[in-house]
Amino acid sequence: QVQLVESGGGWVQPGGSLRLSCAASGFIFSVHSMAWYRQAPGKQRDLVATITDGGRVNYVDSVKGRFTISRDNAKNTVYLQMNSLKPEDTAVYFCNRPLGTTWGQGTQVTVSS
């Protein structure tokens with residue numbers, strides 16, 4: 001079955017960086033687009049970034065120029081490099097295929113001084 005395991009979150013001061021990883025299994029990773037989402041306390045889960053099977057990327061406006069999504073098909077892993085972090089980036093971060101229905105536990109990112 002589909003499994004998604006996110007890691008790499010933590011606490012960081014504003015302006016800091018984190019690199020999130022998501023290990024996927026249970027489907028043919030290389031032929032699927034992948035995405036990162038985030039859910040802040042009391043809010044809905046929102047799309048952050050996507051990467052197609054061919055490597056085309058897209059970002060929501062609030063993270064453009066600060067976040068970079070990438071993938072390693074040999075490792076069935078998708079990454080999210082997050083730089084210049086802001087307090088409003090605080091959330092639980094999840095990865096998934098677009099329209100995927102099975103979610104992992106996510107990884108908490110906290111940005112505060």
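A residue is called exposed when its relative accessible area is over 50%, buried when that area is under 20%, and partly exposed in between. The legends below use these words throughout, and the model shown is a predicted one.

**View 1. Leucine 99, an exposed residue with a positive phi.** Leucine 99 sits in the loop that runs between β9 and β10 (107-111). Its relative accessibility is 85%, so leucine 99 counts as exposed. The phi angle of leucine 99 is positive, at about 75 degrees, although the residue is not a glycine. Most residues other than glycine have a negative phi.

**View 2. Asparagine 76, a residue with a positive phi in the loop between β7 and β8.** Asparagine 76 is not a glycine either, yet its phi is positive at about 50 degrees. The loop that holds asparagine 76 leads from β7 to β8 (77-82). With 28% relative accessibility, asparagine 76 counts as partly exposed.

**View 3. The disulfide between cysteine 22 and cysteine 95.** The sulfur atoms of cysteine 22 and cysteine 95 are 1.7 Å apart. Cysteine 22 belongs to strand β3 (residues 18-25) and cysteine 95 to strand β9 (residues 91-96), so the pair ties together parts of the chain that are 73 residues apart in sequence. Cysteine 22 and cysteine 95 are both buried. The count for the model comes to one disulfide.

**View 4. Arginine 66, a buried charged residue in a loop.** Leaving aside neighbours within four places in sequence, the contacts of arginine 66 are Gln81, Met82, Asn83, Ser84, Leu85, Lys86 and Asp89. For methionine 82, which is 16 residues away in sequence, the C-alpha to C-alpha distance from arginine 66 is 6.1 Å.

**View 5. Lining of the largest pocket.** The space in this pocket comes to about 150 Å³. Its lining consists of Arg38, Gln39, Ala40, Lys43, Gln44, Asp46, Leu47, Val60, Ser62, Glu88, Thr90 and Ala91. Strands β4 (34-39) and β5 (45-51) each contribute at least two residues to the lining. Sorted by class, the lining residues are four nonpolar, four polar and four charged.

View 6. Alanine 74 lies 17 residues from valine 57 in sequence, and the two C-alpha atoms are 19 Å apart in space.

**View 7. Aspartate 53 in the loop between β5 and β6.** At 43% relative accessibility, aspartate 53 counts as partly exposed. Aspartate 53 touches Ser30, Val31, His32, Ser33 and Arg71, with residues up to four places away in sequence not counted. Between the C-alpha atoms of aspartate 53 and lysine 75 there are 14 Å, for a separation of 22 residues along the chain.

**View 8. Serine 112 and its polar contact with tryptophan 11.** Serine 112 is part of the segment after β10. Its relative accessible area is 29%, so serine 112 is partly exposed. The polar contact joins the side chain of serine 112 to the side chain of tryptophan 11, at 2.9 Å. Beyond four places in sequence, serine 112 is in contact with Trp11, Val12, Gln13 and Pro14. Serine 70, by comparison, is 42 residues from serine 112 in sequence, with 26 Å between the C-alpha atoms.

Definitions and conventions:
Residues are numbered from 1 along each chain as its sequence is written. This is a predicted model: local features need pLDDT of at least 70, side-chain atom pairs count only at pLDDT 80 or more; totals for chains, interfaces and linings use all residues. Side-chain values use heavy atoms; hydrogens and water are left out. On a 1 Å grid over the protein atoms alone, a cavity is a set of points where a 1.4 Å probe fits but cannot get out, and a pocket is an open set with protein on both sides within 12 Å along at least five of seven lines; lining residues have an atom within 4 Å of a point. Grid points are joined across faces, edges and corners, and a volume is the space filled by probe spheres set on the points. Helices (H or I, at least four residues) and strands (E, at least two) are DSSP runs, numbered from the N terminus. A disulfide is a pair of cysteine sulfur atoms within 2.5 Å. Buried means under 20% relative accessible area, exposed over 50%, partly exposed in between (1.4 Å probe, protein chains only). Contact means heavy atoms within 4.5 Å. A polar contact is a pair of N or O atoms within 3.5 Å; within protein, one must be able to donate a hydrogen and the other to accept it, and residues adjacent in sequence count only if both atoms are side-chain atoms.
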